[in-house]
Amino acid sequence: MEILNITPVELDVHNNELILLDQTLLPNEEKYIRLKDKESIWDAIYELKVRGAPAIGIAAAFGIYVCVNDSIATDFDSFYREFSEIKSFIASARPTAVNLFWALDRMEKCILHNKEKSINEIKKALLDEAVSIKDEDEKVCKNIGEHALALLKPNMGILTHCNAGTIATSKYGTALAPIYLGQERGYNFKVFADETRPLLQGARLTTWELSKAGVNVTLICDNMASMVMKKGWVNAVFVGCDRVAANGDAANKIGTTGVAILTKHYDIPFYVCAPLSTIDLDTDTGKDIKIEERPGEEIYKAWYTKPMAPQGIKTYNPAFDVTEAELISAIITEKGVLYPPYGKSIREVFE
Ligand code: MRU
C-alpha cells in the first residue's frame with residue numbers, strides 16, 4: 001500500500017539534517033525540505049510544514065539532535081546549556097500539542113542520564129533516543145489501529161476531522177490507523193473527511209493520503225457533517241488529539257467539539273485516538289490546556305486569491321478546541337480502549 005511508504009519526518013544522519021515532507025504544499029506538491037538550524041526548525045513547526053502531535057514530537061527530537069550535534073562544546077555544562085536554550089526555543093513554536101514538550105523532555109532526560117559520559121557519547125545517546133521516539137510511535141499507532149478496528153465492522157461509514165494519519169505520525173496515523181488496517185483486510189470502509197477550516201488539513205491532507213491508499217473517501221465541508229450523519233452514512237467518528245487531560249477532556253483541531261456534539265444528537269460513537277504520549281497527567285482538566293491562537297489572515301486570506309473579508313475585519317482564530325470527556329465514547333490508546341470514568345481508566349493505564 002503506497003501510503004505506508006511516505007515518511008513525513010526523517011533524519012539524514014550522514015549530513016546531520018532533519019528532513020520533512022512540507023505539508024503546506026500538499027496535495028499539489030510532494031517536496032521534502034532539509035533543515036539544520038533551530039530557527040528553520042521552529043518555523044517549520046509554527047508554519048505547519050510538519051504538523052500533527054506525534055510528528056511534531058518526532059521532528060522536535062530529531063531537530064534538537066541535529067542542532068546539538070553541531071555543538072563544539074567540550075564540557076558537559078556548556079553542552080547542556082546549549083541544549084537547554086535550543087529546547088526552550090523549539091518548545092515555544094506551538095503550545096497545545098503535548099508531544100512537542102514530551103519529546104523534548106525525553107531528550108533532556110537522556111542527556112542528564114548520560115552526563116558522566118563524553119560529549120560524543122552523549123550525542124550518540126541523543127541520536128538513539130530520537131530514533132526510538134520515532135520507532136516507538138510506529139508501533140504505538142499500529143496498536144491503536146488494532147484496538148480501534150476491533151470496534152468496527154466491514155462496510156461502516158466513518159467520519160474524521162483534521163488529519164490524524166500517516167503524515168501526522170511516523171507511519172499509520174492514530175485516527176486513520178484503523179482505516180488503513182481495515183483497508184488491508186478488506187473492510188471496505190466509507191470515509192467522510194471534514195475539510196477542516198481554516199487550514200484545510202482534512203481536504204488537503206486526509207483525502208490525499210487516504211485516496212493514495214485506495215480508501216473510499218469523500219470530502220465534505222465542515223458544516224455538512226450533520227447532513228451525512230442525518231442520512232445515516234456515519235457509523236462512527238474517529239479523531240486524533242493534541243493533548244488529553246487527566247480527566248479525559250481532549251484538545252484537538254478546532255471544530256472537533258462541534259462534531260462530538262452532533263454525534264450525541266445522532267447517537268453515533270465518538271472515539272478519540274490517543275497515544276499515551278498525548279495524555280498529560282500534569283494537566284488536570286481541559287480548562288488547563290493552552291489553546292493556540294493563530295493569525296486571523298488564515299481565515300480569510302490563505303487559499304484565496306483575494307481577501308474574503310473586508311479589510312480590517314476583526315478575527316478570532318483558535319487552532320484547537322477541547323471536547324469535554326462526557327462527549328467522548330472511548331479513548332483508544334496503544335494499551336487498549338479506555339472508557340468513562342476517564343479519571344480512573346487513564347490513571348490505571350499508566351499504572
Ligand atoms: O494544527 P495541526 O494540523 O497540527 O493539528 C493536528 C490535529 O489536531 C490532529 O488531529 C492531532 O494532532 C492528532 S495527529 C495524530
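This is a predicted model: local features need pLDDT of at least 70, side-chain atom pairs count only at pLDDT 80 or more; totals for chains, interfaces and linings use all residues.
Residues are numbered from 1 along each chain as its sequence is written. Local features need pLDDT of at least 70, side-chain atom pairs count only at pLDDT 80 or more, totals for chains, interfaces and linings use all residues, and side-chain values use heavy atoms, with hydrogens and water left out.

The shell around the ligand holds 19 residues, each with a heavy atom within 4 Å of the ligand. Arg51, Ala53, Arg94, Asn252 and Lys253 come nearest. By class, the shell has 8 nonpolar, 7 polar and 4 charged residues (Ala, Val, Leu, Ile, Met, Phe, Trp, Tyr, Cys and Pro are nonpolar; Asp, Glu, Lys and Arg are charged; the others, Gly among them, are polar). Helix H2 (53-69) and strand E9 (250-253) each supply at least two shell residues; both are DSSP runs, with at least four residues for helices and at least two for strands. The ligand lies between domain 1 (2-141) and domain 2 (147-350), because both give residues to its shell. The domain bounds come from an automatic or database assignment.

The distance is 2.6 Å to the side chain of Asn252, 2.8 Å to that of Arg94 and 2.8 Å to that of Lys253. The protein covers 100% of the ligand's 410 Å² of accessible area (Shrake-Rupley, 1.4 Å probe).

Most peptide bonds are trans. A cis bond joins Leu26 and Pro27, with omega about 5 degrees. Another joins Pro340 and Pro341, with omega about 0 degrees.

Technical notes: A polar contact is a pair of N or O atoms within 3.5 Å; within protein, one must be able to donate a hydrogen and the other to accept it, and residues adjacent in sequence count only if both atoms are side-chain atoms.
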